[in-house]
Amino acid sequence: MKKTLLAIAAAALIGCLPVAHAQWVVIDPTNLTQNIMTAARTLEQINNQIRQLQNEAQMLMNQARNLTSLDFSALNELRAALANTNRLIQEAQGLAFEVSRMDTEFRRLYPESYTAAISGTQMALDARERWKNSLEALRTATKMQAQAVQNFASDERTLTDLVNRSQSAVGALQATQATNQLLALQARQSIQAQQLQITQDRAAAVEQARQAAANERAREVRRRFIGEGTPYTPQPVHFYND
């Protein structure tokens with residue numbers, strides 16, 4: 001490379017020398033060598049500056065790619081799916097999901113024992129309400145199951161889009177944004193699974209409580225029918241003075 005630069009510089013200097021008109025031109029070798037070295041260093045500096053500018057241009061291009069935002073967002077779809085499952089829980093009938101309300105209703109409808117102050121009519125009404133609670137809990141659980149199945153199709157499309165965009169990301173920002181949305185999809189599915197499990201467990205718990213309350217009601221009805229006094233004992237009956 002240096003030999004090439006020296007040759008170019010020497011040719012340039014020779015070309016710049018005035019044309020001799022029937023006279024000899026005296027060349028100073030020392031001066032010529034210095035001029036050639038100066039030209040070579042100048043060319044090398046220019047080449048270094050060109051390479052530096054090329055590197056800076058490449059760096060700017062890389063930064064531009066890394067700062068390019070992802071032109072796709074699945075967050076609205078994820079929020080909508082989560083809102084649908086939340087709505088189903090909020091619309092659930094029967095026992096309330098709020099702790100304070102649920103505890104009061106549970107104590108009233110599922111007592112450990114019945115007192116004499118509770119009439120048989122009231123016990124029958126409570127039994128009817130308990131049956132409705134079990135039915136509504138099962139209905140809510142089946143709605144949640146249907147919603148989860150419906151979300152599967154949209155989740156599959158969203159997952160495919162996010163994976164494709166993650167693989168074709170042109171920079172770090174696009175890859176990070178696609179990854180974040182994939183994590184959001186996973187979190188939404190985890191929340192949905194928890195919601196579904198809650199509604200199923202709730203339905204099972206309400207039905208078990210109904211059965212326990214039904215057993216207690218049957219015991220109380222039997223106690224009231226038999227009474228707490230001397231139980232009835234059969235006696236022989238004689239007809240026609242036999």
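In this predicted model, helices α3 and α6 run roughly parallel to each other, because the angle between them falls under 35 degrees. That angle is about 10°, and the two axes lie 10 Å apart. Helix α3 spans residues 75–90, while α6 extends over residues 172–226.

The contact between these helices can be followed residue by residue. From α3, Leu 75, Leu 78, Ala 81, Leu 82, Thr 85, Asn 86 and Ile 89 take part. On the α6 side they meet Gln 181, Ala 184, Leu 185, Arg 188, Ile 191, Gln 192, Gln 195 and Thr 199. Sorted by class, the contact comprises eight nonpolar, six polar and one charged residues.

Arg 188 belongs to helix α6 and is among the residues that meet α3. Is Arg 188 buried or exposed? Its relative accessibility is 3%, below the 20% limit, and it therefore counts as buried. Apart from neighbours within four places in sequence, Arg 188 is in contact with Leu 78, Ala 81, Leu 82, Asn 151 and Asp 155. Of these partners, Leu 78, Ala 81 and Leu 82 are also listed in α3 at its contact with α6. The C-alpha atom of Arg 188 is separated by 8.2 Å from that of Arg 79, although the two residues are 109 residues apart along the chain.

In soluble globular proteins, nonpolar side chains tend to be buried together. Here the largest nonpolar core has eight residues: Leu 109, Tyr 110, Ala 137, Ala 141, Ala 203, Val 206, Ala 209 and Ala 213.

Residues up to four places away in sequence aside, Ala 209 touches Phe 106 and Tyr 110. These two partners form an aromatic pair, and the structure holds one such pair. A pair of aromatic rings is described by the distance of the centres and the angle of the planes. For Phe 106 and Tyr 110, the centres are 4.7 Å apart and the planes make an angle of 25°. Because planes under 30 degrees apart count as stacked, the pair is classed as stacked.

Tyr 110 has a relative accessible area of 7% and is buried, whereas Phe 106, at 32% relative accessibility, counts as partly exposed.

Definitions and conventions
Residues are numbered from 1 along each chain as its sequence is written. This is a predicted model: local features need pLDDT of at least 70, side-chain atom pairs count only at pLDDT 80 or more; totals for chains, interfaces and linings use all residues. Side-chain values use heavy atoms; hydrogens and water are left out. Axes are lines fitted to C-alpha atoms, for helices over the stretch in contact, and angles run from 0 to 180 degrees between N-to-C directions. Helices (H or I, at least four residues) and strands (E, at least two) are DSSP runs, numbered from the N terminus. Angles under 35 degrees count as roughly parallel, over 145 as roughly antiparallel, 65 to 115 as roughly perpendicular and the rest as oblique. Contact means heavy atoms within 4.5 Å. Ala, Val, Leu, Ile, Met, Phe, Trp, Tyr, Cys and Pro count as nonpolar, Asp, Glu, Lys and Arg as charged, and the others, Gly among them, as polar. A nonpolar core is a set of buried Ala, Val, Leu, Ile, Met, Phe, Trp, Tyr and Cys residues joined through side-chain atoms within 4.5 Å. Buried means under 20% relative accessible area, exposed over 50%, partly exposed in between (1.4 Å probe, protein chains only). Rings of Phe, Tyr and Trp (its six-membered ring) pair if their centres lie within 6.5 Å; planes under 30 degrees apart count as stacked, over 60 as edge-to-face and the rest as tilted.
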